[in-house]
Amino acid sequence: MAETIISLEGVTKRFGTFEALKKVDLTVALGERMVICGPSGSGKSTLIRCINRLEEHDEGRIVVDGRELDQDTRNVAAIRREVGMVFQQFNLFPHLTVLDNLTLAPMRARGMSRKDAEEVARLYLDRVHIPEQADKYPAQLSGGQQQRVAIARSLCMRPRIMLFDEPTSALDPEMISEVLDVMVELAREGMTMIVVTHEMGFAREVADTMVFMDGGEIVEKATPAEFFVQPKSERTSLFLSRILAH
Amino acid sequence: MPTDRATRRLPPMAQVLLAGLLLAGCSGGNYTWGWYVVSPLNPQGQGNIAFLLSGMWQTISVSLLAITVSIPLGLLVALPGFGRNRVGQGFNRAYVEFIRSIPILPLMLWVYYGLPVLTGINFDPFTAGVITLVISDSAFEAEIFRGGLQSIERGQHEAADSLGLSALDKLRFVILPQAIRRILPPLGNQFIYVLKMSSLLSVIGVFELTKKANELVVTLYRPLEVYSFLILEYFLLVVVISLFVRRLERRMGADQRQRGR
């Protein structure tokens, strides 16, 4: 087994009295590609948002890349530099050009020079297949292009881990594949990825591990072969039959 | 937008204003108008106009100074309201609620006559006036900043956080540049408000427009004509500010159009 890069032990997260995560245990190995699925409200987004501290967990331990997420803001900052995140709504900075979206964090948080940052930015724009869009503003791009810019923006920080929070859910159907293609390429390069998605074709193609969540708990964790063919839990097979039916 | 309408309809508006004044002059009751006292066509009128206009610089400088200091101060007051620190939040609310509840005139009298007792430093009327306007205005600026900063979507904060930007960098490069476009119109409004409130400084003896007008009224005993002229002076200043703010908005709106939405 490869080196563990993320570990959660007994993680609980509450919103008021609602328990979004109930004593969740999970480990992710370096280079592992994990796909998390489950019905809405099952806690899957909350789970990955705890990993880079967009949500603060109430109980348990989260260790990322050897650092524990605690009240020490330096730890949080260090972890965020190593963990990239792609959002459902892209969340590009609308007042900045594509290139400036990509260079801002490397320059400010990594202390890179503008020249170096732009070099890296162009490299990753190339990787997501939109090198010609560098000087446009986000609103001038299609949804699929915006999401690829968002992926490139995260990659420019050269993270060790990438989190994807339903990256294709806000896209028109014809744009989903261009984003998934980029993610497949990223997976092939060995990036550690945790992807919350209902794109089961993508999951079958790249996932090492499938995780099914329901009601704030991890119901099932298995390889795609087991997960899709012989799910152990009834809730999992019910969920799968629903989303694979159409 | 109101400023938009005000500036675009300026010529007809000015016409209506003038027509109204003339009409009142022709038909108005028993009063015999004495526009000659502020007429540029005779030497006495020219002298009076020069005297009235000589307050312009004080009005402009006092307002500009006040707004320039109160904008960063307002931002400093607004920011703790967003932090997690309870003390900071409390300070923000207390400052805003308390300061904006004080009418400007008593505040000014307190600063001019009261503050020297406490501090032992005597302020000249100009300084006391600027301090008063800055204190009062900063509370309103803080609320304007709060509204603008709060209007930025949570996703923008989360994107900046997840990229590892510090809180200060996030504010400086991501949140403020977007908020400033939404803040600009109410900020322009506030500038106009400060300019008009500077007329109160006449009470403690700052030689701005209103004080000059008061002095002239005492010697000429022509309050109607002189104060009409005074109102026209403020009107012109406000129009200039409106045009300036509109231009700024257009300049910033340029890339907003590129944003679509």
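How much area do chain B and chain A bury between them? The figure is about 2,100 Å², with 58% of it on carbon and sulfur atoms. This is a predicted model. The briefing starts at the contact between the chains, then turns to salt bridges and aromatic rings.

**The contact between the chains**

- Chain A brings 27 residues to the contact, and chain B brings 24 residues.
- The interface of chain B and chain A holds 3 salt bridges.
- Polar contact joins 6 residue pairs across the interface of chain B and chain A.
- On the side of chain B that touches chain A, the elements giving two or more residues are α8 (154-162), α9 (167-197) and α11 (223-258) of chain B.
- Of these, α8(B) gives the most, with 8 residues.
- By type, the residues on this side of chain B are 7 nonpolar, 7 polar and 10 charged.

- Over all chains, the structure holds 31 salt bridges.
- Side chains of opposite charge can pair when their charged atoms come close.
- A:Glu56 is partly exposed, because its relative accessible area is 25%.
- A:Arg53 has a relative accessible area of 10%, so it is buried.
- A:Arg114 and A:Asp100 form a salt bridge, with their closest N and O atoms 3.9 Å apart.
- A:Arg114 lies in helix α4 (residues 114-127) of chain A and A:Asp100 in helix α3 (residues 98-109) of chain A, so this pair ties together parts 14 residues apart in sequence.

- The side chains of B:Arg146 and B:Glu143 meet in a salt bridge, at 3.0 Å from N to O.
- The two residues sit 3 residues apart in helix α7 (residues 125-150) of chain B, so about one helical turn separates B:Arg146 from B:Glu143.
- B:Arg146 is partly exposed, with a relative accessible area of 27%, whereas B:Glu143 is buried at 17%.
- Through shared partners, salt bridges join B:Arg93, B:Glu97, B:Arg100, B:Glu143 and B:Arg146 into one network.

**Aromatic rings**

- The structure holds 7 aromatic pairs over all chains.
- One pair is A:Phe212 and A:Phe239, which is tilted because the ring planes stand at 45°, with the centres 5.1 Å apart.
- This pair links distant parts of the chain, 27 residues apart: A:Phe212 is in strand β9 (residues 209-214) of chain A, and A:Phe239 is in helix α9 (residues 234-244) of chain A.
- Both partners are buried, A:Phe212 at 1% relative accessibility and A:Phe239 at 8%.
- In chain B, the rings of B:Tyr112 and B:Tyr113 have their centres 4.8 Å apart and their planes at 70°, so they form an edge-to-face pair.
- B:Tyr113 counts as exposed, because its relative accessibility is 51%.
- B:Tyr31, B:Trp33 and B:Trp35 are linked by ring pairs into a cluster.

Note on methods:
Residues numbered from 1 in each chain as written. Chains lettered and ligands numbered in written order. Predicted model: local features only at pLDDT ≥ 70, side-chain atom pairs only at ≥ 80, totals over all residues. Heavy atoms only, no water. Contact = heavy atoms within 4.5 Å. Buried area = accessible area lost by both parts, 1.4 Å probe. Salt bridge = Lys/Arg side-chain N within 4 Å of Asp/Glu carboxyl O. Polar contact = N/O pair within 3.5 Å; in protein donor to acceptor, adjacent residues only side chain to side chain. Helix = DSSP H or I, 4+ residues; strand = E, 2+ residues; numbered from the N terminus. Nonpolar A, V, L, I, M, F, W, Y, C, P; charged D, E, K, R; others polar. Phe/Tyr/Trp six-rings, centres within 6.5 Å; stacked < 30°, edge-to-face > 60°. Buried < 20%, exposed > 50% of the residue type's maximum accessible area, 1.4 Å probe, protein only.
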